[in-house]
Amino acid sequence: MPANRFNGFSDYGVGIGLRVPHYDHIFAEKPVVDWFEIISENYMVDGGRALKVLDQILERYRVVQHGVSMYFGSVQPADREHLKRLKTLTRRTKTPWLSDHLCWGSVDGRYTHDLLPMPYTFEAVKATAARIREVQDYLEIPIAVENVSSYAEFHESQMTEWEFLNEVVEAADCGILLDVNNIYVSSQNHGFNPFDYVNSVPAERVAQIHIAGHSKFEKYILDTHDHPVLDPVWHLYARAIERVGPTATLLEWDDNIPSFDEVHSEALKATQYLTPAEPLPLNETAADLREVVHQ
Amino acid sequence: MNLLELQRRMAEDVTRPLTPDFQMQLKASDGRSTQELANSYIKPNDRLSSFDRLEIYNRQYWFRVIGAVSEDFPAVGAVLGAKKFDAMVLAYLRENPSTSFTLRNLGSKLPKWLEAHPELSPRRHKLLLDVARLEWAYVEAFDGADLPPLTAADFGDLGGASKLHLQPHLQLLDLRYPVDELVLAVHRQTAPSDIMSNAVTERKQPKRISLPAMRRSQIHLAVHRYDNSVYYRRIDQEAFRLLSALQGGALLGEALEIAFTGSALSPEDQAAKIQEYFAHAAELGWFCKLQES
């Protein structure tokens with residue numbers, strides 16, 4: 001896998017999320033898994049089983065931390081206790097990079113525990129990039145920001161989501177965790193061509209890619225992580241790999257979690273795109289996706 | 001609208017309580033139309049109005065926080081029933097919005113808050129309080145710090161003026177009902193899961209759980225962790241008083257006096273009890289050395 005400074009010059013392949021229902025299987029069967037992604041907040045505790053399990057996993061596997069509550073886009077200062085605990089955990093896991101979302105979720109010291117969408121404004125670019133830099137400087141490891149699924153857009157926005165992402169990562173000099181499922185979900189909810197998004201991302205900054213399943217409702221799509229990856233998302237993934245090269249890839253499956261083998265098999269489908277027998281036909285991929293988008 | 005104004009506006013709208021059938025309210029608490037509020041900063045699209053789009057977040061917020069509190073207080077949920085439990089979470093969070101980055105702390109004030117809200121379950125209020133206290137003690141014991149226990153040599157140096165520290169994960173409870181039986185019965189019927197992920201949450205109906213009958217009968221519990229599992233250990237009243245006094249910062253001599261004040265036990269029996277308490281506590285590693293910061 002190609003390495004870059006945003007993923008700590010690592011060579012990670014296809015991983016899956018470390019989830020409680022799979023603990024017993026992992027410890028009993030010791031399956032070969034290239035790496036596990038952990039949700040940082042689940043291990044930012046003082047003691048107990050979570051940390052014991054983590055230490056056992058770290059003895060055998062590579063682990064990357066993914067957060068859900070740093071809220072880079074929240075306009076007020078980051079919580080110092082949060083940062084302190086996060087840094088302690090990074091020392092434990094030796095994660096080569098750390099990811100969290102390009103969103104906001106707290107204001108005036110109150111937390112919504114949701115990944116709320118940003119208004120795509122220059123003011124937000126400045127505030128978000130400053131916070132990412134602050135966190136990156138404090139943690140002393142590369143940060144990758146993940147694009148979120150969104151269900152609302154703001155009148156205040158001055159640019160597209162991908163332009164906003166590009167502005168933020170340039171200003172913060174950080175990496176990108178490109179979630180192609182989130183791009184697809186948002187494209188359907190907001191009516192843009194997801195290829196425009198993937199084609200605009202600065203390839204050299206992509207540290208990692210997320211794939212996942214989603215749920216389709218009558219008038220919108222929700223990012224539920226409770227299904228296998230759907231074809232349009234695989235198409236986008238293929239295009240992303242064409243652009244950025246083989247990149248550390250992670251399947252998210254967080255609800256209605258099936259057996260370890262089922263989740264791992266689904267994730268390993270990504271390897272066919274990472275090591276294609278022959279180059280993927282770019283135009284054909286685009287045509288396929290357009291059909292799906294206009295269904 | 002600048003970024004801070006937009007975030008304040010949306011946070012208020014997203015955390016506004018839902019209607020009883022889980023829809024976004026049509027009016028804000030100050031009487032303003034939520035449709036107009038949504039229109040002021042959220043774009044509609046060809047399928048959804050600004051209101052509809054905001055409602056997705058409003059609903060997700062409540063599904064997520066109710067789910068998180070359900071996860072930590074399944075027995076409170078089983079005693080109250082789903083509908084009353086949801087109403088309780090709504091009322092609790094209205095007064096105690098989350099001020100922590102982690103959902104783990106969301107229910108930290110629930111036992112105390114319930115004390116002031118007997119109307120939620122007038123006939124079973126005290127039972128409910130005990131259940132909530134025990135379930136929160138479980139959370140604290142589950143992931144509280146585990147400091148190096150005292151060694152036999154450390155015990156040899158103890159005197160009446162010594163200060164003994166207890167493990168941070170050790171929780172001491174004085175309960176009016178034997179709710180350890182009830183909580184264990186519920187925990188046996190509920191599966192563990194990750195406390196956090198970044199997926200959108202769906203509202204799930206909790207399954208119906210059969211509860212053991214509860215008769216009032218005071219118990220004292222030490223909720224502690226051993227080998228990374230949480231245990232409920234019943235202790236007698238004197239042991240409870242002794243450990244609680246030590247936990248509160250009393251010197252060893254003071255704690256012993258508190259433990260046996262008014263006791264009918266002979267001095268010999270008291271000495272035997274003290275030996276027994278210390279042997280159990282030492283075996284379970286409850287006494288510890290303070291961590292240097």
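Tutor: Two residues are in contact if their C-beta atoms, placed from the backbone, lie within 7 Å. Keep that in mind, because this is a predicted model and packing is read from such contacts.

Student: Which elements of chain B do the buried residues of H10(B) pack against?
Tutor: Start with the helix. H10(B) spans residues 237–247, and its buried residues include Phe240(B), Leu243(B) and Leu246(B). Their partners in chain B are strands E1 (165–166), E2 (171–175), E3 (219–226) and E4 (229–235), with helices H11 (252–260) and H12 (267–283).

Student: Which residue with a positive phi follows H10(B)?
Tutor: Look past the end of the helix, residue 247. The phi there is near 105 degrees, and the residue is Gly249(B).

Student: At roughly what angle do the axes of H7(B) and H9(B) cross?
Tutor: Leu127(B), Val131(B) and Leu134(B) are among the H7(B) residues that meet H9(B), where Leu182(B) and Val183(B) are among the partners. H7(B) passes H9(B) in a right-handed crossing. The axes come within 10 Å and cross at roughly 60 degrees.

Student: How far apart are the C-alpha centres of domain 1 and domain 2 of chain B?
Tutor: The domain assignment gives domain 1 as 1–72 and domain 2 as 74–81 + 101–192 + 207–293. Five residues of domain 1 of chain B are in contact with seven of domain 2. Even so, the two centres lie apart by 40 Å.

Student: Which element gives the most to the side of chain A that touches chain B?
Tutor: Here 52 residues of chain A are in contact with 51 of chain B. H2, E5, E6 and H4 of chain A each supply at least two residues of that side. The chain A residues there divide into 20 nonpolar, 16 polar and 16 charged. With seven residues, the top giver is E6(A).

Methods. Residues are numbered from 1 along each chain as its sequence is written. Chains are lettered from A and ligands numbered from 1 in the order in which they are written. This is a predicted model: local features need pLDDT of at least 70, side-chain atom pairs count only at pLDDT 80 or more; totals for chains, interfaces and linings use all residues. Helices (H or I, at least four residues) and strands (E, at least two) are DSSP runs, numbered from the N terminus. Ala, Val, Leu, Ile, Met, Phe, Trp, Tyr, Cys and Pro count as nonpolar, Asp, Glu, Lys and Arg as charged, and the others, Gly among them, as polar. Axes are lines fitted to C-alpha atoms, for helices over the stretch in contact, and angles run from 0 to 180 degrees between N-to-C directions. A crossing is left-handed if the near helix is turned anticlockwise from the far one by less than a right angle, and right-handed if clockwise. Domain bounds come from an automatic or database domain assignment. A residue is buried if 20 or more other C-beta atoms lie within 10 Å of its own, exposed if 12 or fewer, and partly exposed in between; C-beta atoms are placed from the backbone.
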